[in-house]
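Here is a short report on one protein chain. Please keep the sequence and the 3D view open while reading.

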Amino acid sequence: MKLKTKVVTATLLAGTCMYIVGGTALGGSEAPVAKASTLTDNVKLGTVLDTYHYVYISSALREGQTKITGLSGIEFNYGGGASVAIKFNDQDWMHPVRANSAGDWTFENLRLHAGDRVKVRATFPDGKVAESESVVKPHLDAPVHTTVLREGVTVVSGTATPDMYVHIRDDTSNLSLSYEVKTSATGQWTLPLERPLQKGMVIMIEGYMRGEESDYVRVNGFLAVDEAVNPTITSTLNSGSTTVSGESAGGADVELWSGTTKIGTAKADNLGAWTATVSPLTAGATLKVKATLFGKVKESINYTVAGVVTEKPSELSTLTTNSTKVTGKGVAGATVIAKVAGTEIGRGTVDSNGKFEVTIPKQVAGTHVAITQTKNNVASEAVEIVVAKGLEKLTAISAVTTGSTKVTGKGHPGATVKVRVAGTEIGTGTVGANGEFEVTIKPQTVGTELVLNQTKDGDESDSVKVTVVAHIGAPSIAEFYVGTVYLHGTAPTGAVQVTLRIAGKDIRTANVAADGTYRIYANDVAALKIVGTAFEVIAHDANGNDSEVATSTVKGLLPAPVVAVYHAGQSYVTGTVSHDVTRISIYDKAGTLLRNGQVNADGTFRIYVGGVPALQIVGDTFSVKAFNEHGTSSVTVVTIQPK
């Protein structure tokens, strides 16, 4: 029996290739099936025979899943009661299930593996068949929390699969503790809680994907909440201080005690930070913190109020984002400590001359660095230095070749620029008011590493390294014919401009494109309209260094195509062209484009013209036109011969 093939249209995902095999289910012939080519990603292809029948997987396909659900039906007759079968990779079809009246179907007791190809086939009561195929994605891990789960915590952070949605709930009450949040592109997430964690809660952190995988949920569950953290004092306790700050469980009621006397109270914020206002503290006094949350009291260790050195550190150096040390004056023998947000970042000792130097890591602009000095267990008040933005690295530094005698670039106006090789200074200069500099150097050998930086007012920028490269070679020149509009070619690596030169005179300069090519307008250069004129092209790097010289001569017109004798009614026009022809076209005698043809690697061409009326009249003419890659053309007129 001869099968009838019916081609229909259907809306498929971008990138799907579709072919239709048609027939009838009667008389034992194969039922019509619509197939879609398998994509490498997990794309669910609802493949249809026509615009009415469909089947697809609606559940998530992830490694470790044990169930697959989906939907089949007939448009305008939703459901359809199809018989649905499924198979994995190239295995046999599993025993089919029957879709319910709504078209839903389910396969259970499965074990999905990443990379499995899952194929679904639905056979409808009318004998039509639809198929789809998907690929199982890898298993996703459950969200992980990085915050310690303690009583009083009101913000929880952690990591999960990028773009996963995370939600937290209390399993003991089955109540939500947060809204959902989408993880960042790096998988980070932070969730403010609707109420503080409480000991006895069992926390479930749920992660799930949206869209077609909304049924795929990963749970980090049965996480017990520990006791609240003991409160601490984080501020410096100096004689005369009137505020005390610290940390406790979030939302706790805080009491500050000195011996048996309560000297202050505060309410911790949701992150546990608190500050209490007190009467001026007395040196030597012992303080303790009591924090109450959910009726439970947690106590701190004892803290002692220190006395104050009369002198604060003085004559402190300016700090910038480039600084790696702090200098100043203090009490001989005292220990100088630098802190950021209460964390020590460096310490040193004041010498017998009352001077000190403390090494610190580089800090970001706006950081507050607190400097104190301590002697005999008594600390001074802190002196704060705000880190300023330092000198940036030099930018727009020119390429340096073996022929370079200068280095140029951009920096901070007024800064001093130094160029060093292996620690030895080989040149220095100053950045002008326009932000540009030029430093004269001696030519260096290939591979030499130059180190440049800038300094101003005691601040020194990070260094920039430049490696000396070889002198640039000659550019290439494409064949140039009389009448060509642009001169084309490729510039050598490192070149930024090229210049056309004729008889020792520079005619025109053009920029090199990002891909290394160049073109120079030549249609108005009289000398280039004369066959045999010699010309040169020279490339220049960013420092103005010239390349080796490339030479060429003007050639005559692009050789016209050689066309074989054409007889009226022939199916092809054939012939040969010169090696630099890249395109061939045929026109009727009125100059109207009829067809484009292909130029083969061996220089032959043929253009299909079967049935073209303009080529059927003996004695009429047509034109074959050849073009090179730059648009230069030549033409051959052909007379149509009798059959």
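## Annotated domains

Helices (H or I, at least four residues) and strands (E, at least two) are DSSP runs, numbered from the N terminus. Residues 398-468 are 0% helix and 52% strand. The end C-alpha atoms of this span lie 11 Å apart.

UniProt, in an unreviewed entry, places the feature "domain: Bacterial Ig" at residues 317-387 and 398-468. UniProt positions follow the numbering used here, feature names are shortened, and annotations may be inferred rather than shown by experiment.

## Model and confidence

This is a predicted model, in which local features need pLDDT of at least 70, side-chain atom pairs count only at pLDDT 80 or more, and totals for chains, interfaces and linings use all residues. Residues are numbered from 1 along each chain as its sequence is written, and side-chain values use heavy atoms, with hydrogens and water left out.

The pLDDT is the predictor's confidence in each residue, from 0 to 100. Its mean over the protein chain is 86, and 90% of the residues reach 70 or more. Over residues 1-49 the pLDDT is below 50. Beyond near neighbours in sequence, that stretch has 104 contacts (heavy atoms within 4.5 Å) in the model.

## Nonpolar cores

A nonpolar core is a set of buried Ala, Val, Leu, Ile, Met, Phe, Trp, Tyr and Cys residues joined through side-chain atoms within 4.5 Å. Buried means under 20% relative accessible area, exposed over 50%, partly exposed in between (1.4 Å probe, protein chains only).

The largest core has 22 residues. I168, W189, L197 and I203 have the most contacts inside it. The elements that give two or more residues to this core are β12 (165-170), β15 (188-192) and β16 (202-208). Apart from this core lies another, of 21 residues, among them L256, A268, W274 and V305.

## Two buried loop residues

T147 sits in the loop between β10 (144-145) and β11 (155-159). Its relative accessibility is 19%, so T147 counts as buried. Not counting residues up to four places away in sequence, T147 touches V153, V155, V156 and S157. A polar atom of the T147 side chain lies 2.9 Å from the backbone nitrogen of S157.

S59 lies in the loop between β3 (53-57) and β4 (68-74). S59 is buried, with a relative accessible area of 5%. A polar atom of its side chain lies 3.0 Å from the backbone nitrogen of T69.

Conventions: Polar contact = N/O pair within 3.5 Å; in protein donor to acceptor, adjacent residues only side chain to side chain.
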